[in-house]
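Take the sequence and the model together and follow the side-chain contacts from one part of the chain to another.

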Amino acid sequence: MDVIALETRRGNRIVAFYLRNPSARLTVLYSHGNAADLGQLYDLFAQLKVNLRVNLMGYDYSGYGASTGKPSEANTYADIEAVYQCLETEYGISQEDLIFAILSGLRVVCHVNFNFCFDIYKNINKIKKVKCPVLVIHGTEDDVVNWLHGNGLYKLAREPYEPLWIKGGGHCNLELYPDYIRHLCKFIREMESITTAARLKKIRQTLDLPKKPYKPNAANAAAAPPPPPPPLSLLTAAADSDARSLIARVGRSGRDV
């Protein structure tokens, strides 16, 4: 495990953990809830790394754990930007191979025309801007953030993935249910398939470039035709893709983004 100290654009110094899985194709950027810190989540991170077969980057927000500064909306945005840039520059992780694990804010399905003073992260207003698959997980017995909030996000998502409503699940115990890991594994495998399909599509587009018409002459009349392109499977690792994915997880430990 790598322990990293990152400088944010707002001048704070935040701490992050990077757990590497040699067999991983995707990386999870995990933003924890407001009632937790990295020390409390290490065991969960290790479990997710192995069971989901992913790399995992977790971090403490400004003002949490050993991170400097104070918690605020602006600071949390700067925090995740710093972690994202670290994944790109230090670990070579592209956005196409990244899954965001993000917790939900407060105002999701409240039918009001005003904002509460403590309502910071207005996910209900932002979910339609997310242009990637969205998985929502919520416990049906959550007594802090009602299940209707998670269901509201699912219904408004542009690319909703099959949600998981954990029967009897509360606010901070979803990972104790077998369906939690099982459904996440299914989601990860399907996201891997999407990235593979997108890469193959780009490869085919590259190999299908227009060619100049072939005009035989005395010098090349007997020449053999050009060799066929190499198998697609040999080029997959070098191709790029547009597949992106996000887990909008409601019900872990608080009213966070």
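The model is predicted, so local features need pLDDT of at least 70 and side-chain atom pairs count only at pLDDT 80 or more, while totals for chains, interfaces and linings use all residues. Residues are numbered from 1 along each chain as its sequence is written, and side-chain values use heavy atoms, with hydrogens and water left out.

Side chains of opposite charge can pair when their charged atoms come close. A salt bridge here is a side-chain nitrogen of Lys or Arg within 4 Å of a carboxyl oxygen of Asp or Glu. The whole structure contains 8 salt bridges. One of them joins Glu81 and Arg9, with an N to O distance of 2.6 Å. Helices (H or I, at least four residues) and strands (E, at least two) are DSSP runs, numbered from the N terminus. Glu81 is partly exposed at 33%, and Arg9 is exposed at 56%.

A second salt bridge, between Arg53 and Glu192, has an N to O distance of 3.3 Å. Arg53 sits in the loop between α1 (38-52) and β4 (55-59), and Glu192 in helix α5 (residues 178-207), so the two tie together parts that are 139 residues apart in sequence. Arg53 is partly exposed, with a relative accessibility of 33%, whereas Glu192 is buried at 5%.

Glu73 and Lys126 also form a salt bridge, and their closest N and O atoms are 4.0 Å apart. Because Glu73 lies in helix α2 and Lys126 in helix α3 (residues 123-126), the pair ties together parts that are 53 residues apart in sequence. Both ends are partly exposed: Glu73 has a relative accessible area of 31% and Lys126 one of 35%. Salt bridges that share partners also join Arg53, Arg189 and Glu192 into one network.

The next contact is a polar one. His138 is in strand β6 (residues 134-139) and is buried, with a relative accessible area of 0%. A polar atom of the His138 side chain lies 3.5 Å from the backbone oxygen of Asn146.

Aromatic rings come last. A pair of aromatic rings is described by the distance of the centres and the angle of the planes. Rings of Phe, Tyr and Trp (its six-membered ring) pair if their centres lie within 6.5 Å; planes under 30 degrees apart count as stacked, over 60 as edge-to-face and the rest as tilted. The structure holds 8 aromatic pairs. In one of them, the ring centres of Tyr30 and Phe45 are 5.1 Å apart and the planes stand at 65°, so the pair is edge-to-face. This pair links distant parts of the chain, with Tyr30 in strand β3 (residues 27-31) and Phe45 in helix α1, 15 residues apart. Tyr30 and Phe45 are both buried. Elsewhere, Tyr59, Tyr61 and Tyr64 form one aromatic cluster.

Note on methods:
Buried means under 20% relative accessible area, exposed over 50%, partly exposed in between (1.4 Å probe, protein chains only). A polar contact is a pair of N or O atoms within 3.5 Å; within protein, one must be able to donate a hydrogen and the other to accept it, and residues adjacent in sequence count only if both atoms are side-chain atoms.
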